[in-house]
Amino acid sequence: METTLPQTDRFNSSLAAEPLPTPELNQKKILVVDDDDEIRQVLKDYLTMRGHRVEAAENGRHAMEILSRSHREYSVVFTDLNMPAMNGFELLENIARLNKDITQIVITGNATRLTAITSLKSGAYDFIEKPFQ
């Protein structure tokens with residue numbers, strides 16, 4: 001899967017003019033996990049606009065409720081680190097135990113070298129700093 005995120009910190013409606021790929025009928029879903037409503041919605045809208053099937057959760061606990069019912073339907077999880085109920089590090093480890101085939105990508109506004117290393121050791125495939133560039 002290759003998707004480029006917008007280069008602004010706000011959704012750019014001019015991106016809607018770009019041609020979108022046609023989703024496959026059996027395409028797996030992407031789960032976006034962030035306690036910030038705006039970030040969660042912008043990322044969900046952008047990925048949906050790019051032709052992906054996307055669900056969203058406001059924290060790690062909600063994400064695990066979704067994944068425990070249907071983890072085989074998901075190929076990618078984007079997750080924030082600092083969230084109530086279950087933080088991103090715990091979520092990364094839980095997802096890795098549940099289904100190692102899910103690609104996990106951390107999105108955080110509190111990026112440090114330590115959080116990046118810890119994220120990768122906890123199962124993240126990649127680490128993206130907010131705001132998105």
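The questions and answers below go through a predicted model of this protein.

Me: How many helices and strands are there in the protein, and what pattern do they follow along the sequence?
Reply: The protein has 4 helices and 5 strands. Read along the sequence, they give the pattern β-α-β-α-β-α-β-α-β.

Me: What is the average pLDDT of the protein, and over which residues is the pLDDT below 50?
Reply: The average pLDDT is 84, and 80% of the residues score at least 70. Where pLDDT is low, the predicted coordinates should not be read in detail.

Me: What share of the contacts with a separation of 6 or more is between residues 24 or more positions apart?
Reply: The protein has 133 residues, and 44% of them are buried. Among contacts with a separation of 6 or more, the share from residues 24 or more positions apart is 68%.

Me: Which element gives the most residues to the largest nonpolar core?
Reply: The largest nonpolar core has 14 residues, and Leu 31, Val 33, Leu 67, Val 77, Leu 91 and Ile 95 have the most contacts inside it. The elements giving two or more residues to this core are β1, α2, β3 and α3. With 4 residues, the element that gives the most is α2.

Me: Which residues does Leu 31 contact, leaving aside neighbours within four places in sequence?
Reply: Leu 31 is one of the residues with the most contacts inside the largest nonpolar core. Leaving aside neighbours within four places in sequence, the contacts of Leu 31 are Glu 55, Ala 56, Ala 57, Ala 63, Ile 66, Leu 67, Tyr 74, Val 76, Val 77 and Phe 78.

Me: Which elements do the buried residues of α3 pack against?
Reply: Helix α3 covers residues 88-98, and its buried residues are Gly 88, Leu 91, Leu 92, Asn 94, Ile 95 and Ala 96. These buried residues pack against β1, α2, β3, β4 and α4.

Me: Which residue caps the N-terminal end of α3?
Reply: A side-chain oxygen of the capping residue lies 2.9 Å from the backbone nitrogen of Phe 89. The cap at the N-terminal end of α3 is Asn 87.

Me: Is Asn 59 buried or exposed?
Reply: Asn 59 lies in the loop between β2 and α2, and its side chain reaches the backbone nitrogen of His 62 at 2.8 Å. Not counting residues up to four places away in sequence, Asn 59 touches Val 33, Met 83, Pro 84 and Ala 85. Buried means under 20% relative accessible area. Because its relative accessible area is 11%, Asn 59 is buried.

Me: What separates the C-alpha atoms of Thr 118 and Phe 89?
Reply: Thr 118 is found in helix α4, where a polar atom of its side chain lies 2.8 Å from the backbone oxygen of Leu 114. Thr 118 counts as partly exposed because its relative accessibility is 28%. Phe 89 is 29 residues from Thr 118 along the chain, and their C-alpha atoms are separated by 7.8 Å.

Me: How many residues apart in sequence are the parts tied together by Lys 130 and Asp 34?
Reply: The side chains of Lys 130 and Asp 34 meet in a salt bridge at 2.7 Å, N to O. Lys 130 lies in the segment after β5 and Asp 34 in the loop between β1 and α1, so the pair ties together parts whose separation in residues is 96.

Me: Why are Arg 40 and Asp 37 separated by about one helical turn?
Reply: The side chains of Arg 40 and Asp 37 meet in a salt bridge at 2.5 Å, N to O. Arg 40 is buried at 14% relative accessible area, while Asp 37 counts as exposed at 53% relative accessibility. The separation is about one helical turn because, in helix α1, the two are apart by 3 residues.

How values were computed:
Residues are numbered from 1 along each chain as its sequence is written. Side-chain values use heavy atoms; hydrogens and water are left out. Buried means under 20% relative accessible area, exposed over 50%, partly exposed in between (1.4 Å probe, protein chains only). Contact means heavy atoms within 4.5 Å. A polar contact is a pair of N or O atoms within 3.5 Å; within protein, one must be able to donate a hydrogen and the other to accept it, and residues adjacent in sequence count only if both atoms are side-chain atoms. A salt bridge is a side-chain nitrogen of Lys or Arg within 4 Å of a carboxyl oxygen of Asp or Glu. pLDDT is the predictor's confidence in each residue, from 0 to 100. A nonpolar core is a set of buried Ala, Val, Leu, Ile, Met, Phe, Trp, Tyr and Cys residues joined through side-chain atoms within 4.5 Å.
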